[in-house]
Amino acid sequence: MSIRSFWDGKGLFETHELVTIGLFAAGAKASALVIALVGGGMNPLTMILKSAVYSALLVVLLAKVPKTGTLTLANLVGALLAFFLMGQSMLAIPALVIGTLLVELFIKAIGGLERHPGYAILTVALSEFVIRFINLGVSYLMVREQPQLLVMVVVVVAFSYLGIIVGLVGGYFMTRELRHAGLLQ
Amino acid sequence: MLKVKGITFAHAHSQKKALEDVTFMLLEGQGLLLTGASGSGKSTLLSILAGLYPRFLHGELTGEFTLDGVGQDDVAVWSSRVGFMTQNPEIQFIAGNVEDELYLTLRCREISGQKAKVLVEDRLKVFGLEAIRENSVFQLSEGQKQKVVLASLTALKPRVLLLDEPSANLDPVSLEELGRILKVLVSEGVSLLIADHRLAWLRDITKQILVLDGGKISFVGDFESIKGKERRKELGLREIEKPVLKDLERIEVGKALPYDPKNLEGPLKENSSIIVENISFSYPGGPAILEDISLSLPSGKVTALIGPSGRGKTTLAKILCGLEKPLHGQVLFAGEPFPADESQVVLQNTDHQLYMSTVLGEMLLALGGKKTAQACKAMGILELFNLHHLAQRHPQSLSGGEKQRLVVAVGLARPTRLLVLDEPTSGLDGHNLTLMAEEIKKTASSGPSVVIITHDLELINLSSEYLVELG
Amino acid sequence: MQDFSSKLSNSSRGLVELSCETRLLLTLFASIFSLIFSDVYSLAILLFASAVYLVLETRLKTIVIVYIIFAFMAGIAMLCAHLLGYVLSGMRSQSPIQALLPMMRLMISVNTIIPLAINARLSGMVNSLNRLKLPGIIKLPLLITIRFIPTFLNDLRQLRVAIRVRFRGRGGFFFWVIRPFLWWRVFFMPLVVRLIRSADELAMAAELKGLSSDTDFGREKLVFSKADRLVILLALYSIMAAFLARDFYA
């Protein structure tokens, strides 16, 4: 494989898979943003709901493109989109990529996404946990002189992870139904 | 020459064959019309010929197809020789504006930047797109979107163009323009395979007709051989003459109403029309879409709402149903403000209107109340729309025409004073068009005002008594 | 369809117009250097520089609106932090100046985010994306992401209208409160179906076009204007000044 081919990801993903990953990353980010705008960013119900929708979409994505690296790429694209359009912090991106990739490699080591439908849920659950942990680290750097602000961040993170769990359950049932409808192979 | 030999295809997880032993030839510079009932396999055949099997079309395919003796290789290479325009051209756009879209199409084929720029200019000129070159592709009309797709496809000098229901969302003016463009392409030697339900506009473009029925070719001939009404009915086809609007009673727009709706009394008040009084509308910061519109929509009748795209037909429908608030004016019924809760609107895009896991569940949700009590009624409505055999299917697994019938059936399920249907027949064959028109008339006769927004003159002739023209 | 990109493009125009790359670079600088510094003088210099940049790039009305929203949110956060300080005395910050530092960092980021977000245009983003020479494996999904957002927002609008039509007269808010599963189905199912269909359709369009991860699709070459160069230079000077201030006051 040439350096150029490797750089362009040839052999890792097909064009249609890259399109699907990009589209789900956009859908997940945009729906979370719309829910936050409609319900108010600091509303606990909004926090739960937007995380639920986000994680359910990721579960469906993994059912559609069950490959190691799918979630890493989706998270990376989502973070870059947030950076380009909203200037969201870029500092967490390297850690986010490494964290998600490690989770995906762990799942690969225990049999891969194809082995059991539940592994998609486990992948999202673990990676979202790792991402939140990293985000807490970045938040600490931002507010290190006034650590009580971090307590609020922890509360927000806890609510959003609760939403992730709700979304994983929803995503599981959704995937089953989409297979029945013939929309997922 | 495109040679199709013995194509047989069954979708994954399906016992039924979607296509069976389809064989035909498409010569250079020839136009061929592919028609037949909804779900007869037209789109599947086009997808296969566009090179989308096996990546996007899952199932088992036998038979072969070749272009000038060469079979399909890579999708990208094949698609530069056999161009494909889908029913919804917007989905084919990748870039943000018209010029970028054309440029991207050429760069994907590894045409150098300088050469691509020259070709883009040429296509913009040939297709009359210069004035909108910087426009966002999402803001174009349906006709303009099709032009952009055709401009990008023809820039690659394809031998064959496959067009899937190109007339489905076009108003008569845009349809005529598309017809002119296609005629020029045929005269330049491009072969056209067009799948469509509307036949009349294609009379000068496609000499040959191929009818599919249940995946098999049931008829091959020309327009002359389907001249007889009975023959067309037998094949489930639409009219072949350019439809002319029958003599409908026109409702004047913008004129003062013949009476003061607030002073109605007695029986007139009970059996009144829905009155639109001096309605104006524009989006914040945008141009006026409706200006001082007044009209009346008679109860118990079907009224067709027509006019060129962008003249505010859908906006007026949204105002009637309380989905948009007018800047001025009001909608009245029996002298009182019309309660929006008593209206129903069936929108064009079916995907947004189907929620449940079965067709029957969808109908039960629309009917409300206890499921056991409503099950018989729900099945009855499904039967009227020829959907009863699909009651346990997932709504999202239905074909486009079946979904369209289901959302209309859902809209008709609940009693209402006003029913608005937005392009309810864009993907329907002759048989289902007649069925739909009958149900619309039957619904109107039970009391409500029914308004159909449509470009489909055949539907208007079959169902409507009144006509409102905007613009 | 009312386009997302056109909405953005009609928004705030400031005194100068910078390239997308310059805005991205300044945002990157802001996120990195606001974290590096932890003294009030350095952060004040960066805050001043970012505020000048904001005024140059954005209309005053937009700045005022965003600042009011930010002040409201920051006020709530400060109040909560203050209350927590009483409850958990060990978490109280050492001085009022130190309590200001997190807010200064946030302000620096906000000042650079506003011009980027307000002036983002989809077609411009596509060209910038191509010029950034990202790996194809990232560039292609990112291109699709940018392409898809207007379609997705339009889908959301249509979905909202369809839900309003279907469920009106059914008891309003209370109807949904006692039916969370129906809410999930009605809102989420069509959304996921649209996503899957759009994914298949766009993937098909991309393959038919011959688009791949190594396609070079940008039409415009990067041209750094005088304003771009000047602003980047001033940003670098500000960072240097912040370093000097930190060392000097240390």
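In chain B, strand β18 and strand β19 (residues 449-453) pair in the parallel sense over five bridges, where strands are DSSP runs of E of at least two residues, helices are DSSP runs of H or I of at least four, both numbered from the N terminus, and two strands pair if DSSP finds at least two bridges between them. Within this pairing, Leu418(B) has Ser449(B) in β19(B) as its bridge partner. This is a predicted model, in which local features need pLDDT of at least 70 and side-chain atom pairs count only at pLDDT 80 or more, while totals for chains, interfaces and linings use all residues. Residues are numbered from 1 along each chain as its sequence is written, and chains are lettered from A and ligands numbered from 1 in the order in which they are written.

Together with helix α13 (residues 430-445) of chain B, β18(B) and β19(B) make a right-handed β-α-β unit; right-handed here says that, with the strands pointing away from the viewer, the path from the first strand over the helix to the second runs clockwise. β18(B) also runs parallel to strand β17 (residues 343-346) of chain B, to which four bridges join it, and Val345(B) stands opposite Val420(B) there. Four of the five residues of β18(B) (418-422) are buried, that is, each has 20 or more other C-beta atoms, placed from the backbone, within 10 Å of its own.

Elsewhere in chain B, an open sheet of six strands with mixed pairing has the order β6-β7-β8-β3-β9-β10. Because β6 (82-85) and β10 (216-222) of chain B stand at the edges with a single partner strand each, one side of each is left without a neighbour in the sheet. Helix α5 (residues 142-154) of chain B lies across β6 and β7 of chain B, running at about 170° to β6(B).

Note on methods
Two residues are in contact if their C-beta atoms, placed from the backbone, lie within 7 Å. Axes are lines fitted to C-alpha atoms, for helices over the stretch in contact, and angles run from 0 to 180 degrees between N-to-C directions. A residue is buried if 20 or more other C-beta atoms lie within 10 Å of its own, exposed if 12 or fewer, and partly exposed in between; C-beta atoms are placed from the backbone.
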